[in-house]
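I set out to record, entry by entry, what I looked up in this structure. The sequence and the model come first, and my notes follow.

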Amino acid sequence: MNKINRNKVEKPDCLKEKLVEWTEHYIKKRKVNKNYWYWQKYNSKKVEHILTPILSELTNFHCSYCGIFPLKQDVGGRSIDHFKPKSKYPNLAFEWTNLFIACPVCQNIKGSKFPEDIEPLKFDNCHYDFDYWFEIDWTIDKNHIIPNKDRSKQEQEKAKETIDWLGLNNGDKPESRFIELQKFNGSNIDINQWSYPFFLERG
Ligand SMILES: [Zn+2]
């Protein structure tokens with residue numbers, strides 16, 4: 001949920017070179033088998049293995065959605081997520097700006113869902129700003145991310161849709177935020193003035 005600046009890294013060569021070829025191949029294969037998916041190879045390396053470290057660097061090893069940190073480097077600890085699911089948007093399967101590194105919890109929640117009525121917030125959008133859209137309800141036992149009440153009704157709906165779609169208040173995420181907050185206990189940081197980075201240190 002932190003802002004992601006794509007300019008921090010260079011767009012990978014494999015995507016610059018092969019985007020059209022791989023996308024066309026995927027769309028063609030899907031017509032025969034709708035479950036078909038293959039990351040392709042580039043210079044005999046699996047593209048997934050080329051992109052994962054670059055996307056992780058982009059977020060400083062945080063999940064692009066919930067912010068969990070550090071993302072484990074072993075299998076299953078992090079993987080590439082298609083912001084707009086490839087099953088619904090096959091033309092975006094290899095599109096650089098559609099690829100995000102994510103934790104398995106977020107991947108599970110998100111699955112192949114995508115909001116139909118409202119375009120959700122995209123954290124690599126150059127106009128995106130966490131504090132503009134969201135705030136944290138630090139009420140005891142809540143610790144929920146909520147839409148920023150200073151925004152218009154329409155904007156709050158967009159923020160809410162994003163929260164619900166990514167499950168940002170699901171499971172132990174609110175509690176994890178509370179644990180994170182505890183680290184600031186006794187410090188002179190005013191959490192209400194604090195731009196929420198959600199630096200989770202548990203795996
Ligand atoms: Zn996550």
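**Entry 1: cysteine 63.** The model I consulted is a predicted one. I began with cysteine 63 and looked up its contacts beyond four places in sequence. I found Ile68, Leu71, Ala102, Cys103 and Cys106 on that list.

**Entry 2: the core.** I next asked which residues of the largest nonpolar core touch the most other members. They are Cys63, Tyr65, Cys66, Ala102, Cys103 and Cys106, in a core of 31 residues. I then looked up the elements that give two or more residues to this core, and noted helix H2 (47-58), strand E4 (99-102), helix H3 (104-110), helix H4 (130-133), E5 and H5. At least three residues of the core come from domain 1 (6-110), and at least three from domain 2 (130-193).

**Entry 3: alanine 159.** I turned to helix H5 (residues 153-166), where alanine 159 is found. Is alanine 159 buried or exposed? I record it as buried, because 22 other C-beta atoms lie within 10 Å, and the cut-off for a buried residue is 20 or more. Leaving out residues up to four places away in sequence, alanine 159 touches Leu121, Trp133, Phe134, Pro147 and Asn148. I also looked up proline 120: its C-alpha is 7.3 Å from that of alanine 159, although 39 residues separate the two in sequence.

Entry 4: Strand E5 (residues 134-137) and strand E6 (residues 144-147) run antiparallel and are joined by 4 bridges. Phenylalanine 134 has proline 147 of E6 as its bridge partner. Between the strands lie 6 residues, and in this hairpin aspartate 141 takes a positive phi near 65°.

**Entry 5: the whole chain.** From the N terminus on, their order is α-β-β-α-β-β-α-α-β-β-α-α. The chain has 203 residues, of which 23% count as buried. Among contacts with a separation of 6 or more, 66% join residues 24 or more positions apart.

**Entry 6: confidence.** I checked how far the prediction may be read. The mean pLDDT of the chain is 88, and 90% of the residues reach 70 or more. Over residues 199-203, pLDDT stays under 50, and the model has 9 contacts beyond four places in sequence for this stretch.

How values were computed:
Residues numbered from 1 in each chain as written. Predicted model: local features only at pLDDT ≥ 70, side-chain atom pairs only at ≥ 80, totals over all residues. pLDDT = per-residue confidence, 0-100. Contact = placed C-beta atoms within 7 Å. Pairing = 2+ DSSP bridges. Buried ≥ 20, exposed ≤ 12 C-beta atoms within 10 Å, placed from the backbone. Core = buried A, V, L, I, M, F, W, Y, C linked by C-beta atoms within 7 Å. Domains from an automatic or database assignment.
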